[in-house]
Amino acid sequence: MNRSLLLYPLILIVFGVAMFLAVERGSTLDASRPTLHAPRSTSPAMQPSSGLGPSASLLANLRQNFEDPLSRLFVQLILVVLAARACGGLMHKLGQPAVIGEMVAGILLGPSLLGWLWPNLFQLVFPPPSLGTLRMLSQIGVCLFMFVIGMELDVTQLKHQARTAFIVSQVSILFPYLLGVLSSLWLFPRLAEPGTTFLAFALFIGISMSITAFPVLARILEERGLTRTALGSTALACAATDDVTAWTVLAFVVAIVKAGGLAPAILTIALVVLFIALMLFWVRPRVPRWLGHATLESGAPGKGAVASAVVFLFSCAFVTDVIGIHTLFGAFLAGIAMPSHGEFRNALRVRLEHFSSVFLLPLFFAFTGLRTQIGLLQDTGGWLVCLALIALATLGKLGGSMVGARMTGINWVDSFALGTLMNTRGLVELIALNIGYDLGILSPRIFTMLVLMALVTTIMTGPLLSLSERIRFRHALRAQPI
């Protein structure tokens with residue numbers, strides 16, 4: 001040990017002397033000879049900052065390093081995740097689902113608040129050229145989210161309550177959809193994106209009015225302990241049927257809009273139907289055999305099984321994107337195709353859901369918030385239109401669900417509670433709205449109004465559900481014998 005301690009300083013001395021001699025020798029070499037390579041241009045970050053003092057030079061270097069795309073992306077990720085967790089935790093304390101807080105966090109980071117209070121910081125952190133990477137990451141997060149939704153879909157439960165689920169879901173889609181299309185007669189000349197057609201605009205307004213957020217509804221039922229009640233199971237079955245119908249309609253609408261004509265649209269729709277049939281009737285029965293019995297029964301699937309599921313998810317998303325509809329539909333079908341028996345499905349769902357909900361989905365909320373400009377509604381007329389859309393959406397979805405539930409023999413109190421749950425829109429609504437925005441159908445003004453509508457109708461769910469519980473309790477007291 002003592003000998004080693006004596007050798008270490010000697011090694012350092014030899015290293016220092018050799019480095020000094022090499023540098024001294026290198027300083028006499030000539031580097032000005034022409035080469036066969038083209039001269040390399042000096043990037044701004046590498047140019048000497050002549051004429052600047054030490055402090056100014058340091059600040060300039062720090063700013064240049066911050067403007068590196070990777071550094072800026074890290075700052076964006078940190079801000080988005082922290083804001084989402086803080087707002088989500090606050091909403092949870094207020095008795096609201098955490099997803100509402102994450103939706104609010106996206107709006108707060110956008111031009112509606114941060115860009116209004118501190119425009120220089122907003123432009124520094126979220127300049128338009130940097131949003132492409134944020135958008136791609138958010139789309140991956142939404143694909144994982146839709147995959148998880150597909151895995152949460154309980155086909156057996158739908159079979160047991162097929163009649164109620166079918167009637168309530170269809171009435172709760174058709175009635176608000178019709179109201180959306182009729183309102184488009186007035187909205188189209190004022191709020192449609194220039195260049196879009198009335199058909200595309202009306203179909204998307206109808207979709208925005210008729211969507212139910214199945215995952216948010218499931219979280220609300222779980223937090224209130226209603227999952228195993230008759231109301232909870234009925235709401236889950238109706239919302240699942242509603243989601244499948246709504247996403248199918250949206251797939252056809254996207255196919256019609258992107259095809260740009262009747263004949264290409266028919267071809268696209270035919271390919272979509274063929275792909276759906278292939279996934280449900282050929283792929284889904286064979287997935288358990290491909291994964292193997294040991295993998296299905298394992299509560300902790302290996303890396304190979306998880307990688308296979310992710311590759312399958314992205315492959316289905318790629319196919320639907322190539323066909324001409326959104327990648328989300330392929331991800332949703334991939335989730336449905338996952339085997340329902342065994343522990344594999346639940347373990348895979350937990351792994352992907354934790355990663356996507358904590359990291360990737362907040363990016364989608366932030367990206368949506370960057371598109372939401374509440375300042376566009378600064379006039380009284382804009383706010384009145386926004387309030388009218390909220391009232392119309394609530395009337396169509398809540399009222400349509402109530403009527404459908406009453407048609408199946410459910411009492412008025414439970415019908416009101418079911419309609420309240422079906423009026424929850426949440427994240428699924430934002431996904432549909434972003435599709436319409438990307439296709440150039442929704443203008444920034446109507447997009448902002450519909451985002452606020454999705455937020456308000458989701459926030460209404462908790463208080464209205466509490467109101468229905470109080471009404472049910474009063475009815476139970478009156479029914480008791482004196």
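The model is predicted, so local features are given only where pLDDT is at least 70 and side-chain atom pairs count only at pLDDT 80 or more, while totals for chains, interfaces and linings use all residues. Residues are numbered from 1 along each chain as its sequence is written, and side-chain values use heavy atoms, with hydrogens and water left out.

**The chain as a whole**

- The secondary structure of the protein chain comes to 21 helices and zero strands, where helices (H or I, at least four residues) and strands (E, at least two) are DSSP runs numbered from the N terminus.
- Of the 482 residues of the chain, 47% count as buried, a term that means under 20% relative accessible area, as against over 50% for exposed and in between for partly exposed (1.4 Å probe, protein chains only).
- The accessible surface of the chain comes to about 24600 Å², and 69% of this belongs to carbon and sulfur atoms; such areas come from the Shrake-Rupley method with a 1.4 Å probe, and for residues only the protein chains shown count as cover.
- Among contacts (heavy atoms within 4.5 Å) with a separation of 6 or more, 80% are between residues 24 or more positions apart.

**Thr-408, between H18 and H19**

- Thr-408 is found in the loop that lies between helix H18 (380–407) and helix H19 (412–422), and it is buried, with a relative accessible area of 15%.
- A polar atom of the Thr-408 side chain lies 2.6 Å from the backbone oxygen of Ala-405.
- Leaving aside neighbours within four places in sequence, Thr-408 is in contact with Arg-163, Thr-164 and Ile-167.

**Thr-420, within H19**

- Thr-420 lies in helix H19 and is buried, with a relative accessible area of 1%.
- The C-alpha atoms of Thr-420 and Lys-397, which are 23 residues apart along the chain, are separated by 8.4 Å.
- Not counting residues up to four places away in sequence, Thr-420 touches Leu-398, Thr-461, Leu-464 and Leu-465.

**Thr-424, between H19 and H20**

- Thr-424 lies in the loop between H19 and helix H20 (426–438), and it is buried, with a relative accessible area of 0%.
- The side chain of Thr-424 makes a polar contact with the side chain of Thr-461 at 2.7 Å; a polar contact is a pair of N or O atoms within 3.5 Å, of which, within protein, one must be able to donate a hydrogen and the other to accept it, and residues adjacent in sequence count only if both atoms are side-chain atoms.
- Residues touched by Thr-424, not counting those up to four places away in sequence, include Ile-211, Thr-212, Val-216, Thr-457 and Thr-461.
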